[in-house]
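Please read it with the structure open.

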Amino acid sequence: IEGVMERLRQAGTLADAAIPEYQIETPKLEAHGDFSTNVAMLLAKANRRAPRELANELAAALAALPLFSRVEVAGPGFINFVLAEDVVFDVVREVHEAGAAYGRNDSGAGRRVQVEFVSANPTGPLHIGHGRGAAVGSVLANLLAASGYQVEREYYVNDAGRQMDILALSVWLRYLQSYQLDVPFPAQAYRGAYIEDIARALRERDGDALKRAADSVPPASASSDDERHLDDAIAAARAALGTPTFDAMRDFAKDVILAEIADDLRAFGVEFDCWYSEASLNRNGAIDTAIGELVEAGFIYEAAGAQWFRSTDFGDEKDRVVVRDNGLKTYFASDIAYHREKFVRGFERVVNIWGADHHGYIPRVRAALKALNLDDSKLDVVLVQFAALVRGGEKVAMSTRAGEFVTLKHLIDEVGVDAARYFYVMRRSDQHLEFDLSLATSQSNDNPVYYVQYAHARVCSVFRQAAERATLAPPAGARLAEFLREAPERRLAIVLSKFSEVVASAAAAAEPHQLTNYLRDLATEFHAYYNGHKVLVDDAGVCWARLRLIGAVRQVIANALSLLAISAPSEM
């Protein structure tokens, strides 16, 4: 379009004006062509000509190009394009030549991007809510890598702060109870069988060495302030055991849980390049450095004995405490330092996968980046809504008994990795997801992942049958367009040609569900074609062409499933 515009400018029939922000769209009706543009209507004012008159002139020049078989003007000045058949089916050659690399693109231009996801507190096993964030994050990372970015996958380990002390106390109390000692267990401590498992492992490692301080456990709280009692119990345990022993117990519990988290994620097809420790931010002085820079910039003030960040200067609803009146730094102070570190490490794009309950956290993080004179436009935050389990139309209870919940491991055991990953990403991440367990395990076309995998398996079956027949060589100089004359064949080729665009678009918008939407459309077109057209026909040219076409479908489905880290079975 722009080439033709330039030639018309040089010929003096088009004004020498800036190229307008025109659009190229796919018409809703197939009869309106493969593409449509509004460029003539946007050029009309600068050229002082009727839009339709300009459209006719542009269309005549465009129709001379071998790219199109037909270029028409419609309505007030839309230009509709129909691609030449050889151009349409050339995608089949491209797919076969590129193989597993088809769909990859260089839209990322080698830029470094960090995707931080899951980052669940190491205080318990992953539950099904974490699973959705894991699937969304890992698929997005794969899409970014396929789009030419240098991707680093990171898990932020929240291994500092009060929740880790609560974990240590919980494990120690269960350890003491394993010796039949009558010690109270605070209501707000961590519960669940996994705490007892860690306590047993601690006993195996240390024997009865930690029993000596049992008398220091405070009695059960008589007040309603369970949190205060919890803090008193932590303080008493630390004093009785000694800080080195208490910290070693805390780290032991953390390491056990982190190892289980890593195992569960690995089983789910998720690997990380970096496990970044929150505690390291204190050890290396990163938090003090970040606060110091904010002080120097004039964005920290003191009130009521605490230090506050002036986040309202950057659009946040209120200022935020970074150092409490007791001298302890807040979680937000750690987050400021952590996000500063991301930029210090040289990432040109930073993607955070957060639970939807963190929505209100975004403005304060952006405020901190701006205050530190960092480009907050490089930060993308993808919010992931909660997933509810459904079986037979009825919601499944998320908690089986006090302190326990449906874990990611349990879900994988029930529906498998493929179904779990596909279901997690097939909706926009910011939409609520009802995970239908019955549907995920069904072998029917209603099951979206089965529907897609079955398309791949069907093509494999056709090729197994073809291998049993005499080799069908194409006629000399054969062109696919000679033999692929059915409308569904053309539609299949058009869908295949959009794959690279979908990969790039999904990566740029941080929307993995675009990939599953594409797979659904491709599988739908294929199944419709397969059900209505025989592939292994007697006509050698038609048979060859159809095998080439469905072979390209198989390759693209396999490539897309690979980005989802889902298998592409050859038999089902």
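The points below run from the whole chain to single residues.

1. **Overall picture.** This is a predicted model. The protein has 572 residues, and 51% of them count as buried. It contains 22 helices and 15 strands. The C-alpha trace spans about 90 × 65 × 40 Å along its principal axes. Take the contacts with a sequence separation of 6 or more: 71% of them join residues 24 or more positions apart.

2. **The cores.** The largest nonpolar core holds 155 residues. Within this core, Ile-79, Trp-172, Tyr-424 and Phe-435 have the most contacts. Helix 22 (residues 540-563) supplies the largest share, 14 residues. There is also a second, separate core of 34 residues. Val-322, Ile-336, Tyr-338 and Tyr-361 are included in that second core.

3. **Around Phe-435.** What does Phe-435 touch, leaving aside neighbours within four places in sequence? Its contacts are Ala-388, Leu-389, Val-390, Leu-411, Val-415, Ala-419, Ala-420, Phe-423, Tyr-424 and Ala-440. Among these partners, Ala-419, Ala-420, Phe-423 and Tyr-424 are also listed as buried residues of helix 15.

4. **Helix 15.** How many of the 9 residues of helix 15 (residues 417-425) are buried? The count is 7, so the helix is largely enclosed by the rest of the structure. The buried set is Ala-419, Ala-420, Arg-421, Tyr-422, Phe-423, Tyr-424 and Val-425. Note that Arg-421 is in that set.

5. **Helix 17 against helix 22.** Helix 17 (residues 448-467) packs on helix 22 at an angle of about 140°. Their axes are 9 Å apart. Angles over 145 degrees would count as roughly antiparallel, so this pair is classed as oblique. The crossing is left-handed. From helix 17, the residues at the contact are Val-452, Gln-453, Ala-455, His-456, Val-459, Cys-460, Val-462, Phe-463 and Ala-466. Helix 22 meets them with Leu-547, Ile-550, Gly-551, Arg-554, Ile-557, Ala-558 and Leu-561.

6. **Helix 4 against helix 19.** Helix 4 (residues 85-98) and helix 19 (residues 487-497) have axes 8 Å apart. They pack at about 60°, which makes helix 4 oblique to helix 19. This crossing is left-handed. Helix 4 contributes Glu-85, Val-88, Phe-89 and Val-91. On the helix 19 side are Glu-489, Arg-490, Ala-493, Ile-494, Leu-496 and Ser-497.

7. **Asp-165.** This residue sits in helix 6 (residues 162-177). Is Asp-165 buried or exposed? Its relative accessibility is 16%, so it counts as buried. The Asp-165 side chain makes a polar contact of 3.2 Å with the side chain of Arg-238. Beyond neighbours within four places in sequence, Asp-165 is in contact with Ile-234, Arg-238, Phe-246 and Arg-250. Asp-165 and Asp-231 are 66 residues apart in sequence, yet their C-alpha atoms are 9.0 Å apart.

8. **Arg-349.** Look next at strand 11 (residues 349-355), where Arg-349 is found. Arg-349 has 10% relative accessibility and therefore counts as buried. Which side chain makes a polar contact with that of Arg-349? Tyr-149 does, at 3.4 Å. Not counting residues up to four places away in sequence, Arg-349 touches Arg-112, Val-113, Gln-114, Leu-144, Tyr-149, Lys-378, Asp-380, Ala-507, Ala-508 and Ala-510.

Key
Residues are numbered from 1 along each chain as its sequence is written. This is a predicted model: local features need pLDDT of at least 70, side-chain atom pairs count only at pLDDT 80 or more; totals for chains, interfaces and linings use all residues. Side-chain values use heavy atoms; hydrogens and water are left out. Helices (H or I, at least four residues) and strands (E, at least two) are DSSP runs, numbered from the N terminus. Buried means under 20% relative accessible area, exposed over 50%, partly exposed in between (1.4 Å probe, protein chains only). Contact means heavy atoms within 4.5 Å. A polar contact is a pair of N or O atoms within 3.5 Å; within protein, one must be able to donate a hydrogen and the other to accept it, and residues adjacent in sequence count only if both atoms are side-chain atoms. A nonpolar core is a set of buried Ala, Val, Leu, Ile, Met, Phe, Trp, Tyr and Cys residues joined through side-chain atoms within 4.5 Å. Axes are lines fitted to C-alpha atoms, for helices over the stretch in contact, and angles run from 0 to 180 degrees between N-to-C directions. Angles under 35 degrees count as roughly parallel, over 145 as roughly antiparallel, 65 to 115 as roughly perpendicular and the rest as oblique. A crossing is left-handed if the near helix is turned anticlockwise from the far one by less than a right angle, and right-handed if clockwise.
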